[in-house]
Amino acid sequence: MTPVALLGLLLALCGAGALLAVVLPDRRLPEGVAGVGALASLSLVWLGSAGLASPHTPGLRLWTVPELGTLTLVVDPLSSLFVLLCGLVYLPVSLYSLGYLRHYVGRAGLRRFGVLYHGLCGSVALVLLAGDVLTFLLAWEAMAVLSYLLVVFDDDRDSSIRAGWMMLAVGEAGTLAGALAFFLLAAAARSGEFAAMRHAVATLPEGLRWGVFLLAFFGFGVKAGLVPMSSWLPRAHPAAPGNVSALLSGVIVNLGIYGIVRVVLDIAPPQTLGPGVVALLVGSLSALIGILYATTQTDLKVVLAHSSVEHMGIVTAAIGAGLVFRASGHPVLAAMADLAALYHLGNHALFKALLFLGAGAVDRGAGLRDMDRLGGLVKRMPGTALAVLGGTLSIAALPPLNGFVTEWLVLQTLLRSVVLRETVVKIVFALCGAALALTAALAVTAFVRAYAMSFLGIPRSKEAAQAREVHPTMVGAMVGLSLACLGAGVLPTFIIATLDRVVAPLVHAHVLDALVPPFFAPAAAVPPLPQAFLKEFYALGAQVGRGIVPGRGLVVLHRGGPQNPVVFAMSTSYMVVVLLLFVGVTGAVVRVLARRKVVRAPCWAGGLWRLPPDMTYTATGFSTPVRVVFRAVFHPSAPEEVVDTVGGYWRRAVKRIPHETYVVDRLVSRPLTRGARRVADALATLHHGYINAYVAYVLATLLILLAVGRMP
Amino acid sequence: MISTGTRNRLQDTVDAARARWPEVLSLSVDPYYQIADLRCPPALLPDLAEWLVADRAYAFGGLVVEDADARWDLRYLFYGTRGAGQVHLVAASGKPAVVPSISPRVHAADWHEREAEDLFGLVFEGHPRLGDFVLHNEIWPEAVVPLRQDVGLDRLRPRPEPDPGWRPLRVVQAPGAFLMPVGPIYSDVTAPTFFILETVGEDVIRVFPRLFYAYRGVEKIAVGRSVEDVLLLAERVAATSSFAHSLAFCQAVEALAGVRLPARARVLRSILAELERLRYHVGVLRDVCEATALAVAASQAAILEEELLRLSCVLTGHRYLFGMNRPGGLTRDVEDSQLHKAARDLEAIETRIGELWQGLRSTPSFLDRVEEVGILSQADALFHGLVGPVARASGVARDLRVDQPYGGYDLFEVTVPLEQEGDGFARLQVWVAEALEAVRLIRRGVMALPGGPVSVSCDPVPGAGLGWVEAPGGAAFHWVRVGDGGRVLRYRLITPSFTNWHGFHLAAERFAFQDFPIILATFGLSVPENDR
Amino acid sequence: MTRWVLRGLGTGVKTTPYPEEDERADGVTPGRPAAAAVGSGAHESLVARCPSGALTEGPRGIEVDMRRCVHCYRCSRGPDAPLPWRTDYQWASVREGVRPLGRPWARSLHILVVDAGDCGACLREVRQLTSPYYNLHRLGFFITPTPRLADLLLVVGPVTAPMVWPLQRAYEAMPTPKRVIAVGACALSTGVFGPSPLCRAVAEVLPVDVEVPGSPPPPLAILHGLLVAAGRAPSRGVVG
């Protein structure tokens with residue numbers, strides 16, 4: 001089917017889903033929502049794949065709005081990639097919803113949920129496929145409102161309502177900035193269509209290009225959760241129900257990146273180094289701040305939300321690196337950086353959705369998300385634990401999973417900054433690379449802590465001790481996602497081949513040859529590699545699989561000049577084979593040779609008869625060293641301590657109440673709010689109630705407008 | 001031993017007490033030992049005790065509880081500085097007991113009252129933390145009170161398995177607070193203690209040392225045994241201070257029997273007591289060096305400790321000075337030539353201790369770990385009634401050799417070192433200064449050693465007596481009541497470790513985990529001495 | 001730090017030549033009473049003098065059960081025919097029917113030291129083993145704080161009621177093969193503390209393999225006990 005037809009199918013399914021949500025009886029609602037949602041996501045996947053596979057970019061002109069332009073939809077490789085990702089996340093989330101929504105059967109909100117769910121699916125697809133400003137903004141606003149409604153769907157608490165409201169408000173501010181960027185471009189192009197803007201961009205003066213970049217970057221960066229604008233993210237993601245959180249982190253934040261990529265990479269790429277450096281710095285900062293907070297928070301979902309900030313930071317840093325390479329005249333490296341960014345975005349969508357679904361499952365099974373009170377869930381919820389383990393290993397960037405592949409690619413790309421000429425830029429690259437490396441290390445800490453405190457050890461509360469495994473569809477959806485993570489990690493060369501088709505039109509250079517040498521093709525087709533190295537790689541087994549596995553090869557390898565034939569090389573595909581062999585052989589040997597049985601004994605606890613759970617490390621205790629070392633970021637005020645004694649000397653309670661503010665709030669949001677209040681207070685002096693003065697205001701405004709209107 | 005000035009100060013206190021509280025009776029004032037027994041009704045105890053400590057500058061030494069058939073006999077020991085003697089408050093209460101707790105006013109009595117409640121079942125009204133002290137609740141059912149007269153040893157039955165529901169008292173309420181358990185089996189070679197450290201991650205907010213894992217029931221075993229057999233118990237309660245405790249026990253029996261020792265016995269006893277003090281202090285120095293992981297310094301200190309053990313064995317036949325004391329003197333004499341040779345060997349040891357200390361003081365990494373770490377303020381030390389080198393490092397100048405001279409110490413001028421900062425470094429300075437002072441005292445003793453017999457016969461008559469020593473860890477009191485036939489009816493030991501463990505948590509709280517073993521080592525506490 | 005290194009080097013070698021040669025220095029051992037015939041009239045009073053029942057009257061005179069001797073010196077000091085005194089230190093013995101640990105452990109043994117209620121003397125003597133004078137590391141013995149890595153459980157002191165279960169937990173936590181060595185008179189026979197619900201001998205709680213008597217046994221005796229446990233020294237009888 002043609003992409004256009006698929007799009008129609010998708011929209012029809014979304015409509016059907018919304019309709020069914022209103023019409024179906026209560027008991028069947030979860031199945032209805034989940035079923036149609038699954039079908040819709042399958043069509044998304046199909047649409048995305050079709051768009052990627054097709055050699056031309058079909059467009060669709062919808063109706064024309066007078067004075068504003070024609071609404072167009074365009075299916076180009078970039079959009080198709082994002083649509084595919086969206087579908088890959090929507091599918092397991094829909095399956096998960098089958099079990100998750102059973103909890104809500106009988107409640108009035110469930111119908112509303114069904115309508116919103118399908119509406120969101122449709123609006124996201126429209127945002128991604130929009131071909132002109134008007135469509136984009138209309139769909140974007142629909143998406144913003146629908147996601148807000150989904151976030152505040154379930155929770156009645158004050159903090160959650162405020163969190164949703166903050167998401168909407170801050171999001172609107174970002175949308176405004178993004179819209180301004182688009183309007184600037186449209187004014188230069190005298191048309192709202194992206195194709196026209198692309199041609200007109202060459203006429204823009206430097207200052208305006210900077211303006212467009214800054215507005216688009218910081219405007220869409222709000223949706224992506226980058227650091228100066230990330231106050232809403234750690235509040236909104238935890239407030240949403242489990243499957244919606246997965247959507248937020250797996251689909252909605254991608255839209256922010258999509259906006260940035262569309263404007264900054266596709267339509268109006270900068271020609272100086274400045275914007276790239278800005279993006280790189282903002283990205284690295286977001287990554288560091290995100291992971292620092294992820295390491296020290298105790299609510300599972302808050303940890304994951306901060307981790308989303310971190311990963312969006314990594315993606316942005318890679319995009320920034322790409323911009324710098326492009327402006328310096330290294331299109332292949334730029335393509336590599338952009339490819340790494342998009343690959344990481346996809347991987348993040350997969351494992352973050354998995355982790356959020358897991359957090360939702362923990363919340364459902366144990367009734368709480370506070371890591372200081374969880375523990376031992378691996379015995380009570382084994383399926384969830386196994387699936388979440390896959391997600392944890394991915395997000396901690398452990399080979400051979402997908403997180404490792406893209407973190408590695410991003411860092412290697414940053415190392416390629418040696419080819420740049422400007423020393424200052426190289427230093428910036430080095431610092432940001434170091435920051436990202438630190439981030440990777442902290443990520444391991446953060447997720448070892450998150451997994452160990454929640455799932456391993458002994459249960460720290462009654463609720464955790466009585467946790468129950470969740471509905472099989474929920475477990476199945478999570479297991480499916482972890483298999484997808486494994487797949488995305490084990491088959492990088494295929495994914496790189498696909499992403500090359502997305503990135504090539506943006507930077508006008510192919511990176512496939514630079515990253516995946518065709519080991520499976522005849523040797524003569526690989527002239528740039530010297531024979532000696534080729535022999536070595538064949539000796540290492542780079543040709544194993546030729547004839548069995550389709551494609552060019554299974555090794556990711558970047559070639560430098562003749563002095564430096566191999567700059568970096570990696571193959572998770574072969575790694576997985578070797579790992580399996582190793583585990584298998586060792587296991588067999590141990591089985592055969594072992595003469596003694598394994599004895600299970602209670603844990604040694606210094607001679608204690610039983611180790612009670614309050615004598616084990618808590619999540620807060622585990623992260624205190626990080627909190628202490630990075631004191632400057634956390635800036636904790638001295639905790640308030642209240643000592644309650646009996647008879648003056650025997651202490652009954654020592655209460656410690658910590659006070660800590662999120663660094664972005666402390667340094668950005670609060671000062672801005674205070675400043676805005678001050679301005680508002682100053683302006684409020686105009687509201688004094690004297691009607692004579694108000695009449696004077698009206699008169700003055702009229703005179704000013706007349707004067708302005710008369711100007712040519 | 002006593003000067004006329006003393007008599008007046010003690011008598012002044014007695015007169016002032018009687019003037020203020022007419023119900024107080026002066027039972028007796030022993031002129032030789034300068035001990036005044038004041039009988040008062042139990043209701044007056046808190047006021048009197050606080051007055052003695054706050055207004056008359058006495059220190060609380062301990063509480064002796066005796067189970068007479070129809071009543072409880074309580075004896076609160078207070079001792080003053082040089083010349084002020086001792087005041088014992090004697091109270092009796094019928095059974096069941098109605099005794100107010102003095103701990104809110106005189107906090108040093110806290111653990112004494114808890115121990116009495118656990119072992120006797122004697123409830124002190126107003127004490128908020130009775131129970132689960134000596135007899136651990138997860139092992140012993142509540143009703144077990146071993147020290148009562150009518151409870152035989154064979155009637156004590158622990159639970160077949162520890163109660164899995166036992167939980168320690170949790171004090172810290174903070175998000176993410178948890179308990180860090182250390183023990184009872186921990187580290188390489190340590191005595192059994194269970195530390196519960198409450199923390200939120202980095203620094204320790206509250207330290208709760210749970211002791212009495214080495215509780216052998218010495219006070220119970222002693223009942224009904226002969227004085228010679230109880231002497232063996234006194235030696236083996238805490239072997240690193242064995243001579244000091246056996247000395248205190250013998251002095252109690254000698255006081256009871258009214259026996260005066262020959263001069264050679266007294267001086268020789270002091271020499272051996274100082275030798276033990278020297279070896280104990282060098283052992284503490286070694287423990288601190290090992291805790292701070294200074295391997296060479298620890299080895300040097302270990303060499304010194306082993307040499308002192310060997311010297312002890314050469315002089316007395318036993319490395320820990322077992323079997324030397326007996327009521328009436330010593331069990332064997334030590335040849336003068338051997339003593340002179342020992343004094344010469346000790347000169348070399350004194351030099352090496354000085355060099356070791358000098359080396360430690362110039363090692364910045366070592367100083368970093370003991371300076372300003374484990375601070376115990378003078379107010380806390382006074383309020384909790386701490387004794388020994390630990391208290392002297394916090395500015396509390398109390399030493400029984402000077403305040404309540406005994407044995408041969410009236411012949412020596414003992415210089416007691418005093419520091420004010422109360423941190424680990426101050427304590428180390430005191431340990432080292434006292435070790436060096438011990439060498440000097442031994443030398444002086446050996447020079448001034450008279451000839452003569454080393455023992456007189458001592459037949460214990462029925463009655464009760466108190467013996468006290470400045471053990472290496474601080475003040476120790478032994479109370480012995482002997483019945484007919486030379487059988488011991490009640491034996492109470494108050495040890496310096498029992499007093500000082502009470503205040504250990506004050507120094508260890510608010511510091512990081514890594515500092516904990518070092519602070520523990522600088523306190524030089526003994527677990528078996530506390531647990532008995 | 002160089003100052004410490006130089007000082008350490010300047011101290012020279014202090015280590016005892018035991019077990020290659022006999023240690024002859026003064027003060028390394030408190031010695032022990034030796035079995036002897038001391039004149040039949042004095043037997044009864046001598047046996048009665050021993051507070052822990054270590055002396056018994058045998059066919060050839062007084063016999064000494066070293067496991068019960070608490071070093072009170074009553075049998076060797078005083079007017080009535082004192083027992084002769086031996087200044088040796090190799091006192092450890094293996095209980096019957098116990099196999100030595102085996103070849104891999106003969107050269108390297110990891111020891112977990114548990115104080116079950118000791119007075120402090122035996123524990124201090126065990127600590128002296130790591131001093132330069134005795135240096136048990138040169139013999140391949142290492143002290144470990146965790147039972148998971150230990151081959152040998154060294155128990156000092158009588159087992160008090162609160163320490164029964166931690167001791168059992170420690171023993172259970174040790175992987176096989178494992179042995180137990182009980183050090184000191186209190187560990188072997190509760191010494192002067194007497195069997196009671198408050199104090200037990202180690203053999204009542206755990207299967208003891210090697211016994212080292214003494215109160216306290218000097219470090220050399222404990223070393224001998226470790227060598228016996230490793231199968232590198234012959235076990236000595238406890239009688240005579």
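## Charges on chain C

Chain C carries 26 positive and 20 negative side chains, and the centres of these two sets lie 7 Å apart. Do keep in mind as you read that this is a predicted model. Chain A can be described in the same terms: it has 53 positive and 34 negative charges, whose mean positions are 7 Å apart.

## The build of chain C

Let's stay with chain C for a moment. Its secondary structure consists of seven helices and twelve strands. The C-alpha atoms occupy a box of roughly 65 × 45 × 30 Å along the principal axes. How does the radius of gyration of chain C agree with that of a compact globule? A compact globule of 240 residues would have a radius near 18 Å, and chain C has 19 Å, so the two agree.

Turning to burial and surface, 60% of the 240 residues of chain C count as buried. The accessible surface of the chain comes to about 9100 Å², and carbon and sulfur atoms account for 52% of that area. If you look at contacts in chain C between residues at least 6 apart in sequence, 79% of them join residues at least 24 apart.

## The build of chain A

Chain A contains 27 helices and six strands. Its radius of gyration is 27 Å, close to the 27 Å that the globule rule gives for 712 residues, so chain A is as compact as a globular protein of that length.

What share of chain A is buried? Buried residues make up 55% of the 712 in this chain. Chain A exposes about 29700 Å², with carbon and sulfur atoms supplying 69% of that area. Of the contacts in chain A with a separation of 6 or more, 79% come from residues 24 or more positions apart.

One of the helices is worth a visit on your screen. Helix H22 of chain A covers residues 531–539 and includes Glu536(A). Is Glu536(A) buried or partly exposed? With a relative accessibility of 49%, Glu536(A) counts as partly exposed. Glu536(A) and Ser80(A) are 456 residues apart along the chain, and their C-alpha atoms are separated by 39 Å.

## Cysteines without partners

How many disulfides are there over all chains? The count comes to zero. Cys485(A), for example, is in no disulfide, and the nearest cysteine sulfur, which belongs to Cys86(A), is 17 Å away. Cys485(A) is also buried, at a relative accessible area of 0%.

## Two cis peptide bonds

Most peptide bonds are trans. Against that background, here are two bonds to check in the backbone. In chain B, Lys95(B) and Pro96(B) are joined by a cis peptide bond with omega at about 0°. Pro96(B) sits in a loop of chain B, between strand E5 (86–94) and strand E6 (99–100).

In chain C, a cis peptide bond links Ser215(C) to Pro216(C), with omega at about -10°. Here the proline is again in a loop: Pro216(C) lies between strand E12 (210–212) and helix H7 (219–230) of chain C.

Most residues other than glycine have a negative phi. Which phi value does Asp132(B) have? It is near 55°, a positive value in a residue other than glycine. Asp132(B) is found in the loop of chain B that runs between strand E7 (124–125) and strand E8 (172–173). At a relative accessible area of 21%, Asp132(B) is partly exposed.

Thr190(C) is not a glycine either, and its phi is positive at about 60°. This residue lies in the loop between helix H6 (185–189) and strand E11 (199–200) of chain C. Is Thr190(C) buried or exposed? Its relative accessibility is 1%, so Thr190(C) counts as buried.

Terms used: Residues are numbered from 1 along each chain as its sequence is written. Chains are lettered from A and ligands numbered from 1 in the order in which they are written. This is a predicted model: local features need pLDDT of at least 70, side-chain atom pairs count only at pLDDT 80 or more; totals for chains, interfaces and linings use all residues. Side-chain values use heavy atoms; hydrogens and water are left out. Helices (H or I, at least four residues) and strands (E, at least two) are DSSP runs, numbered from the N terminus. The radius of gyration is taken over C-alpha atoms; the globule rule is 2.2 Å times the number of residues to the power 0.38. Buried means under 20% relative accessible area, exposed over 50%, partly exposed in between (1.4 Å probe, protein chains only). Contact means heavy atoms within 4.5 Å. Accessible areas come from the Shrake-Rupley method with a 1.4 Å probe; for residues, only the protein chains shown count as cover. Lys and Arg count as positive and Asp and Glu as negative; His and the chain ends are not counted. The place of a charge is taken as NZ of Lys, CZ of Arg, CG of Asp or CD of Glu. A disulfide is a pair of cysteine sulfur atoms within 2.5 Å.
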